[in-house]
Amino acid sequence: MINLVEVTKYYPGQEQPAVDNLSLTIEKGETCVFVGPSGCGKSTTLRMINRMIEISSGKIYLDGKDILQSDPDQLRMGIGYVIQQIGLLPHRTIEENIAIVPRLHGWSKERIKHRVTELLELMGLDPEVERNKYPLQLSGGQMQRVGVARAMAADPPIMLMDEPFGAVDPIARNYLQDEFLRLQREIKKTICFVTHDINEAIKMGDKIAIYNKGAIVQHGTPQEILTNPANDFVKDFIGSDRMVKKLNLTCVEELVRPVSCLVNEGELSNAVDKLKETGADVCFVVDSSGKPVGYLTKEEVISLSDKITLEGLVQLVSSKGNAFTPGSTPLQNALSLMLEYDTEYLGIVQGDQLIGAISFKDIRKHMCRKEGE
């Protein structure tokens, strides 16, 4: 969908190019994140794609067509553009801001109104409450969502996003990232996403292009880059905790295994015998509706030996009452929960039903196996 061929950009008065002989292909429906230190050329690359900045040499093709053969205004009308500063017009309502590009395309008022309603709902905003407000009446996170909605208004196949979530607080930023990933799974746009944050790049990108001094020094999937950094610059940029970062690439549902030992809390006195019968390392306990309430480990039972009582079992089980997480949880968060609750096991739930378990050993084996590939 997007193909850059030996693209170079010189600014007047500068001896070194801002972008130096850059070649890159971004496939249809793919999110490619440009990441690197300030001044490395990532935003310049983004702006050359929609001709806000003209290239000095090389070629850029969108869907096989040379962008220099397109009228710049027409080109930009077919590309969604989101920036950190959002850029909403303060004297226009939210509906009027979102409607800017559809109006340029000559859409009817009815079609525009329907599209604004659709997009506000998609962004988690109430159309009837928000459409007639002005930008300054919204929070930063809400304005950023409106900015994304505006970029999507005419349903462009390509979206360019220049640090779109950099101006909001960490909680709102994490929410916006999650919401955008959810949207992208549905809409499958071709996206170029600029950030200086390697953690955001790992989370958001199907592919990552790491820049340094106007050139791409490594391009690949987050897994490839974290597993095999191309050089010392990439290693330093990723950070010494790259193995921890790799945990974010896998959800617990990929490692979940069936529960082999399960008892109802009304039959808790049978838990010790059940552990012995099954040979399991952990026994999960559920209430009458199947909702998990905690678990016991073989190690705990052995340590108590003949001192164990029903009251003691209840206390052990209830102490693990929070050690459960949905299957969509990244391994990094799962590991954090294990440390928080001082346990080597997590129960995996779907809704309020137990569907399996994961252990610290499972995570360790998975990471060692991936690292050796």
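Trainee: How many residues does α7 have, and how far does α7 reach from its first C-alpha to its last?
Mentor: α7 has 13 residues and reaches 19 Å from its first C-alpha to its last, close to the 18 Å expected at 1.5 Å a residue. The expected span of a helix is 1.5 Å times one less than its number of residues. Helices (H or I, at least four residues) and strands (E, at least two) are DSSP runs, numbered from the N terminus.

Trainee: And what am I looking at, before I go on?
Mentor: This is a predicted model, where local features need pLDDT of at least 70, side-chain atom pairs count only at pLDDT 80 or more, and totals for chains, interfaces and linings use all residues. Residues are numbered from 1 along each chain as its sequence is written, and side-chain values use heavy atoms, with hydrogens and water left out.

Trainee: Back to α7. How many of the residues of α7 are buried?
Mentor: 12 of the 13 are buried, so α7 is largely enclosed by the rest of the structure. Buried means under 20% relative accessible area, exposed means over 50%, and partly exposed is in between (1.4 Å probe, protein chains only). Among the buried residues of α7 are Q142, R145, V148 and M152.

Trainee: What do the buried residues of α7 pack against?
Mentor: They pack against β6 (79-83), α3 (94-98), α5, α6 (127-130), β7 and α8. Contact here means heavy atoms within 4.5 Å.

Trainee: Is G141 buried or exposed?
Mentor: G141 is buried, with a relative accessible area of 13%. Not counting residues up to four places away in sequence, G141 touches V168 and L176.

Trainee: How far apart are G141 and N212?
Mentor: In space they are 30 Å apart, C-alpha to C-alpha, and in sequence 71 residues apart.

Trainee: Now the core. Which residues have the most contacts inside the largest nonpolar core?
Mentor: Those are I98, V148, M161 and F165, in a core of 43 residues. α7 gives the most to this core, with six residues. A nonpolar core is a set of buried Ala, Val, Leu, Ile, Met, Phe, Trp, Tyr and Cys residues joined through side-chain atoms within 4.5 Å.

Trainee: What is V148 in contact with?
Mentor: Leaving aside its neighbours within four places in sequence, V148 is in contact with V82, M123, M159, M161 and F180. Another core lies apart from the largest one and has 27 residues, among them V7, V19, L46 and L62.

Trainee: Next helix. How far does α8 reach?
Mentor: α8 has 18 residues and reaches 25 Å from its first C-alpha to its last, close to the 26 Å expected at 1.5 Å a residue. Its buried residues include A172, R173, L176 and F180. The buried residues of α8 pack against β3 (31-35), α5, α7 (140-152), β7 (158-162), β8 and α9.

Trainee: What caps the N-terminal end of α8?
Mentor: D169 does, with a side-chain oxygen 3.1 Å from the backbone nitrogen of I171. After α8 comes K188, whose phi is positive, near 50 degrees.

Trainee: Change of topic. How many salt bridges are there?
Mentor: The count comes to 19 salt bridges. A salt bridge is a side-chain nitrogen of Lys or Arg within 4 Å of a carboxyl oxygen of Asp or Glu. Side chains of opposite charge can pair when their charged atoms come close.

Trainee: Which residue forms a salt bridge with E118?
Mentor: R115 does, the closest N and O atoms being 2.6 Å apart. The two are three residues apart in helix α5 (residues 109-122), so about one helical turn separates E118 and R115. R115 is buried at 14%, while E118 is partly exposed at 37%.

Trainee: And what does R173 pair with?
Mentor: R173 forms a salt bridge with D197, the closest N and O atoms being 3.9 Å apart. R173 lies in helix α8 and D197 in the loop between β8 (190-195) and α9 (198-204), so the pair ties together parts that are 24 residues apart in sequence.

Trainee: Last one. How many disulfides?
Mentor: The count comes to zero disulfides, a disulfide being a pair of cysteine sulfur atoms within 2.5 Å.

Terms used
Polar contact = N/O pair within 3.5 Å; in protein donor to acceptor, adjacent residues only side chain to side chain.
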